[in-house]
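Colleague: I have just opened this one and would like a short tour. Can we go through it topic by topic?

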Amino acid sequence: MNIIYHCYGGAHSSVTAAAVHLGWLPTDRIPETEEFQRLPYFDRPVAKDHGRIRLMGKDELGNDIYVLGRRNSARIFENMAQGLLDVYNVPAEEFQFYDVMPYVNWKMMLGGFSSRKIGATFLGRPIITIGTKHSYWKIVTLVHRVKILQLKGGGGNQ
Amino acid sequence: MNIFFLCRTGHHTSIIAALMYLQEIGKNEFSRDLVELPGYDQIGLRDVGKPFFVGRGSSNSKIFTLGVSRESRLLARTAHELTGLFGVSPGEFRVVDTSPFVSRWTDLGLFCKRLRLKSLARLFFYLGVRRERVSLAKLLAKERELLS
C-alpha cells in the first residue's frame, strides 16, 4: 500500500505526519526542536517542489509513505487521484490519501509563510516549530487512525 | 495511451479542445448549441478534478478532460508522478494543458456559474469558445505533430 500525506507546501505538517508514521518522532511526548529540524524535508521544500510526491520511507508493514505539497488544491487533488485510480484500474486500497491541513494552526501558517515564501528562515522556522508542537497530538491521532485503518485492512481516505 | 486535456473545470475549454482533437467539431463550427456538446458545462464545482472520458482517438488512445482550477502545472506534475507510482509508462500518459488558452469570457462565465446566473454564464461561455477556438486549433495541430 502507498500512503500519501498532503498539505499546502509538503514541508511541515505532512512531513511531521509521515515522520510519526515511520517512527522517527515519538508518540509519547512532544519532540524537541532539534528532532523536527533533523527530519528530511522539514521546512526545506520551496515552491518549485510543490506537486512532487516525495518518498519518505517504508513503515513496519512495508507500506510506502509519501508526502506532497499541493497548495490550495486539496479537493481537486483527491478527486484527481481517485479518478486516475479508476482510469488505470488500480485498486483503491493500494493508495490512501490523507489531508493534514485540518491540523495546521495559524502559527504553522505564519511560520511556513515567513520561512518558505519570503525566505525569512531565521524568523519562520522557530515559529513553525512551535506551531507544530502545538498541533503535534492531533497529528499523532491522525497517524494512529491511519494505522488502525491499515490493520483493519482497509481503506478509507479522509 | 491516455491523453488528458486540462482546463479550469475539465468541462469547458478542455472539452472543446478534446472534441476538436477527436474531430467531432471543427474549429469554425459553432452553430451547434454548446448545450448539445457532450459534457460541456456539466459539472458541479465540487467535482472539479475528476477525469471525464470524452472518446477514443486514433490508435485506440483514450481522451479525457481534467479540471485543475488555476494550478495546471502543479497538478499536471502530480498526475505524472502519481501515474508513475501506478506503474504506468511515461508513453502511456500525456497531458495537454489548455489553461493558457482559457479566455476572460470563459472565466467570467465560471464566475457567473458560481453565482448561479446560468443564462449569463452560458452567454459568456459561448463568447469564450469563439475567442479560444483559433488558439486551440493551433495547439492541437502541434499536438498531432508531436504524437505522429
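Colleague: What share of the contacts in chain A with a separation of 6 or more comes from residues 24 or more positions apart?

Modeller: Such residues account for 69% of those contacts in chain A, where contact means heavy atoms within 4.5 Å. This is a predicted model, where local features need pLDDT of at least 70 and side-chain atom pairs count only at pLDDT 80 or more, while totals for chains, interfaces and linings use all residues. Residues are numbered from 1 along each chain as its sequence is written, chains are lettered from A and ligands numbered from 1 in the order in which they are written, and side-chain values use heavy atoms, leaving out hydrogens and water.

Colleague: How many helices and strands does chain A have?

Modeller: Chain A has 5 helices and 4 strands, in the order β-α-α-β-β-α-β-α-α along the sequence. Helices (H or I, at least four residues) and strands (E, at least two) are DSSP runs, numbered from the N terminus.

Colleague: What is its radius of gyration, and what would a compact globule have?

Modeller: Chain A has 15 Å, which agrees with the value near 15 Å for a compact globule of 158 residues. The radius is taken over C-alpha atoms, and the globule rule is 2.2 Å times the number of residues to the power 0.38. Along the principal axes, the C-alpha atoms of chain A fill a box of roughly 45 × 35 × 20 Å.

Colleague: How much of chain A is buried?

Modeller: Buried residues make up 56% of the 158 residues in chain A. Buried means under 20% relative accessible area, exposed over 50%, and partly exposed in between (1.4 Å probe, protein chains only).

Colleague: Changing topic, how many aromatic pairs are there over all chains?

Modeller: A search of the whole structure finds 13. Rings of Phe, Tyr and Trp (its six-membered ring) pair if their centres lie within 6.5 Å; planes under 30 degrees apart count as stacked, over 60 as edge-to-face and the rest as tilted. One of the pairs is Phe4(B) with Phe64(B), which is stacked at 5.0 Å centre to centre and 15° between the planes.

Colleague: Which parts does that pair tie together?

Modeller: Phe4(B) is in strand 1 (residues 2–7) of chain B and Phe64(B) in strand 3 (residues 62–67) of chain B, so the pair ties together parts 60 residues apart in sequence. Phe4(B) is buried at 0% relative accessibility, and Phe64(B) is buried at 6%. Phe4(B) also forms a tilted pair with Phe93(B), at 5.3 Å centre to centre and 45° between the planes. Phe93(B) lies in strand 4 (residues 93–97) of chain B, so this pair with Phe4(B) of strand 1 ties together parts 89 residues apart in sequence.

Colleague: Which residues form the aromatic cluster in chain A?

Modeller: Phe36(A), Phe42(A), Tyr136(A) and Trp137(A) form one cluster.

Colleague: And how many disulfides?

Modeller: The search finds 0 disulfides over all chains, a disulfide being a pair of cysteine sulfur atoms within 2.5 Å. For Cys7(B), the nearest cysteine sulfur is that of Cys112(B), 17 Å away. Cys7(B) is buried, with a relative accessible area of 1%.

Colleague: Last one: where is Pro51(B), and what does it touch?

Modeller: Pro51(B) sits in the loop between helix 1 (13–21) and strand 2 (52–56) of chain B. Not counting residues up to four places away in sequence, Pro51(B) touches residues including Asn79(A), Met80(A), Phe4(B) and Phe64(B). Pro51(B) counts as buried, at 18% relative accessibility.
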